[in-house]
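Open the structure in your viewer and keep the selection tool at hand. Each stop below says what to select and what is there.

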Amino acid sequence: MPSNKSVSDAPIVQFTNCRILRDHQLQREDLWVREGKILNPEKLFFDEKGSADVQLDCKDSIIAPGFIDVQINGGFGVDFSLATDDFKSGIDLVSQKILSHGVTSFCPTLVTSPPSVYHQILPQISVRNGGAHGAGILGAHLEGPFISREKKGAHPEHCLLTFEAGAFQDLLATYGSLDCVQIVTLAPEMRRSSEVIQELTKRGICVSLGHSVANLSQAEEAVQHGATFITHLFNAMLPFHHRDPGIVGLLTSDKIPAGRRVFYGMISDGIHTNPAALRIAHRAHPKGLVLVTDAMAGMGLAPGRHTLGQQVVEIDGLNTYIAGTKTLSGSVATMDTCVRHFQEATGCSVETALEAASLHPAQLLGIEHKKGTLNYDSDADFLILNDNLYVQATYIAGEEVWQQDVSGM
């Protein structure tokens, strides 16, 4: 049947012989794409009397939304917290390389740094769509410097700050600009943090709680003021205690405002969180789990010494430490590895594992109408995966931007 081009001259691509992740289930149906968006085939057939220009046989593969990494400090030798003159080429390199791991959008993350570093780097980060050049940039994630000294983790103590009389003005002076900022991680027990959380939330910036010694009531108060995320749950916070479960208690708190969901990041690399802890979190609050890599410059490189902002870190296998210590510092995990480990460790369904890296981060950032799903009219950012969840091909806006180097796929 000839295509009807009355609506659009753009070619229509039909992906056949596949299982699509839609409405929380793998469904055996075709995926239709035009002009970077996912098409409703019924409208195409009945309203436009149209059909596909190109058919691609997916050989019984899974098609899932592209992964979204909301906490990645760098990779492949690039450190997002190092102020360099060629910062743009570094971020371009990472955005290109993570396509092979299924990441189609990400939030470049800066760890605690001096104000001069924020002032130099943030103007060089711009929100942009993904494509053949690399994964899309959703905005920066600023992790610190308004965090707890006791739970600083790999963050340099001499750069940590508190909110003084100016509170929000202090934050603005430190960062220089919030134009491209998507997430700010802070410790909610800090004096005047409530007004800062409210001001950030008002500007559409996601506030995450982390690197903190907050008790549960302080964490609940932060959520009531607008915080919606927990930075790498269990890491850099008070351990769960039955009389005061701390930030971890938000997963089952009855003080969360109606209609609000608290999300939490998990570094599912088998190093940062014991599989039993991963299972506990997932079973307590499955709809809030967001997989993050927390990857640093050493991701994709050989073991040895690398940087994380102001610190030197050492990679030993999958472990990353501040050099000369046993303090964990970021990871070298890739997002596809985290998805596979999460599925294996929790025994959850394939659909659940994939949504933790796509739908949930999109919901956290309020962009689920266009990313993180394969719903009609959403962005055609998706992956072709085999049954073991290894990425075979990555698509952004309906165009193939990476393909596994094997014949026949």
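Select strand 11 (140-143) and strand 12 (181-186): they run parallel and are joined by four bridges. Helices (H or I, at least four residues) and strands (E, at least two) are DSSP runs, numbered from the N terminus, and two strands pair if DSSP finds at least two bridges between them. In this pair, Ala 140 stands opposite Val 181 of strand 12. From strand 11 the chain crosses through helix 4 to strand 12, a right-handed β-α-β crossover. Right-handed means that, with the strands pointing away from the viewer, the path from the first strand over the helix to the second runs clockwise.

The model is predicted: local features need pLDDT of at least 70 and side-chain atom pairs count only at pLDDT 80 or more, while totals for chains, interfaces and linings use all residues. Residues are numbered from 1 along each chain as its sequence is written, and side-chain values use heavy atoms, with hydrogens and water left out.

Now show the side chains of strand 11. Which residues point which way? Ala 140 and Leu 142 point one way, His 141 and Glu 143 the other, and all are buried. Buried means under 20% relative accessible area, exposed over 50%, partly exposed in between (1.4 Å probe, protein chains only). In a regular strand the side chains alternate between the two faces of the sheet.

Move to helix 4 (residues 168-175) and select its buried residues, Phe 168, Leu 171, Thr 174 and Tyr 175. They lie on the same side of helix 4 because they cover an arc of only 120 degrees around the axis, taken from the directions from the helix axis to the C-beta atoms. Among the elements covering these residues are helix 3 (115-121) and helix 5 (193-202). Just after helix 4, select Gly 176, which has a positive phi of about 90 degrees.

Then go to Leu 21 in strand 1 (residues 12-22). Leu 21 counts as buried because its relative accessibility is 3%. Beyond its neighbours within four places in sequence, Leu 21 has contacts (heavy atoms within 4.5 Å) including Leu 26, Ile 63 and Leu 374.

Last, select the cysteines. How many disulfides does the structure hold? It holds zero (a disulfide is a pair of cysteine sulfur atoms within 2.5 Å). For Cys 18, the nearest cysteine sulfur is that of Cys 58, 4.5 Å away.
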